[in-house]
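Welcome, and please take a moment to look over the sequence and the model below. Then read on for a short tour of its charged side chains.

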Amino acid sequence: MNTPPATQHTTPKKTEIFFAPLQGFTETPYREAHHTLVGGVARYGMPFLRLEHNEPRRHDIRELQATTAATHHAVPQVIAANANEFRTLALLIAQNELTHIEFNLGCPFPMQTRHGRGTAMMQHPDTLVDIINEMQRLHDEQHLTFSIKMRLGHTSSNEWEPLMTLLNSAPIDYLVMHPRIGTQQYDGNVDLEQFQRFYLACQQPLVYNGDINTIGDINRIANTFPKLRAIMIGRGLLARPTLAQEYNTDKLATDDEVRRTFVDIHRQVVYHYANTLEGGEQQVLKKVLPHFDYATTLFDHKAIKRLKKARTLANYLSALQQM
């Protein structure tokens with residue numbers, strides 16, 4: 001009598017986690033510290049590069065140069081008002097030996113949208129066509145690859161619909177959708193009903209982004225939308241830097257472990273800026289303190305208050321050690 005083969009139980013493959021870019025926070029020192037001290041993230045988005053007076057910003061150039069020496073998988077992002085701006089920034093990235101570029105079609109902030117960038121471009125499809133055509137030229141010339149990060153629309157949640165044919169035919173590796181509209185910025189709730197419609201219509205590999213703060217949130221989105229390429233998390237990972245690793249390992253960190261990880265990352269970021277920022281200690285403190293705006297539920301109010309009262313780097317580090 002033949003013994004039937006043992007049933008093999010395979011562990012379901014985890015959805016990859018991407019770290020969303022946040023201006024002023026997820027710069028190279030933070031991304032590198034998170035990668036080396038925690039990990040669990042497949043790709044780290046860089047805050048967008050843009051032109052200022054028709055020239056790349058010096059800060060953006062320094063960020064690109066620093067990223068080439070980093071060990072994490074960084075994805076540079078560009079925001080542009082037209083194909084010429086897009087090409088200028090893409091060639092700058094290529095010069096720094098980075099080969100994948102994300103186009104920001106999702107920035108909701110008026111400082112950008114009033115110039116036709118970000119979500120405002122969704123109302124000007126001819127400009128988007130020009131940029132997508134430029135992607136193909138840059139791919140052929142420079143062997144660059146691309147992705148697009150977007151929202152449902154600028155002023156209406158169905159503005160994506162007339163763009164769907166264009167987006168489905170775009171030469172991109174994946175598309176990231178944050179299911180809010182631009183004028184909403186980060187207020188209100190994500191529109192999962194509209195995202196469901198987009199999910200069914202989208203023929204590109206799709207990444208979900210928006211309001212992911214817990215393992216339960218990740219699992220809910222991954223289970224509801226099983227064909228997702230990845231889930232992108234921004235503010236949730238800043239507030240709980242262990243979140244991606246907890247999800248990947250199915251092991252929940254204790255509050256003490258999360259606090260310790262947050263402080264360890266922050267300390268490494270502080271040391272970096274202390275050695276690189278011009279302007280003295282006050283400039284360093286001004287740069288790093290806003291990170292704790294995302295940690296008000298992790299730390300005691302009095303502990304954060306001690307940090308805010310620090311007037312020297314030594315006092316700040318001393319207060320950090322006590323947290």
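What follows is a report on salt bridges and on a charged surface patch.

This is a predicted model, in which local features need pLDDT of at least 70 and side-chain atom pairs count only at pLDDT 80 or more, while totals for chains, interfaces and linings use all residues. Residues are numbered from 1 along each chain as its sequence is written, and side-chain values use heavy atoms, with hydrogens and water left out.

**Salt bridges**

Searching the whole structure gives 17 salt bridges (a side-chain nitrogen of Lys or Arg within 4 Å of a carboxyl oxygen of Asp or Glu). Three of them are listed here.

| Glu134 | Arg87 | 2.5 Å |

Let us begin with Glu134 and Arg87, whose closest N and O atoms are 2.5 Å apart. Helices here are DSSP runs of H or I with at least four residues, numbered from the N terminus. Glu134 is buried at 6% relative accessible area, whereas Arg87 is partly exposed at 26%. Buried means under 20% relative accessible area, exposed over 50%, and partly exposed in between, using a 1.4 Å probe and protein chains only. Both residues also take part in a network of salt bridges that links Arg87, Glu134, Arg137 and Glu141.

Next come Asp217 and Arg220, which sit three residues apart in helix H8 (residues 215-224), a separation of about one helical turn. Asp217 is buried, with a relative accessible area of 15%, while Arg220 is partly exposed at 38%.

**A positive patch**

Now turn to the surface, where Lys302, Lys305, Arg306, Lys309 and Arg311 form a patch of positive charge. Patch members have over 30% relative accessible area and no salt bridge, and like charges are joined within 9 Å. Lys and Arg count as positive, with the charge placed at NZ of Lys or CZ of Arg. Arg306 counts as partly exposed because its relative accessibility is 37%.

How values were computed:
Patches are made of residues with over 30% relative accessible area and no salt bridge: like charges are joined within 9 Å, nonpolar side chains (Val, Leu, Ile, Met, Phe, Trp, Tyr) within 5 Å. Accessible areas come from the Shrake-Rupley method with a 1.4 Å probe; for residues, only the protein chains shown count as cover. Helices (H or I, at least four residues) and strands (E, at least two) are DSSP runs, numbered from the N terminus.
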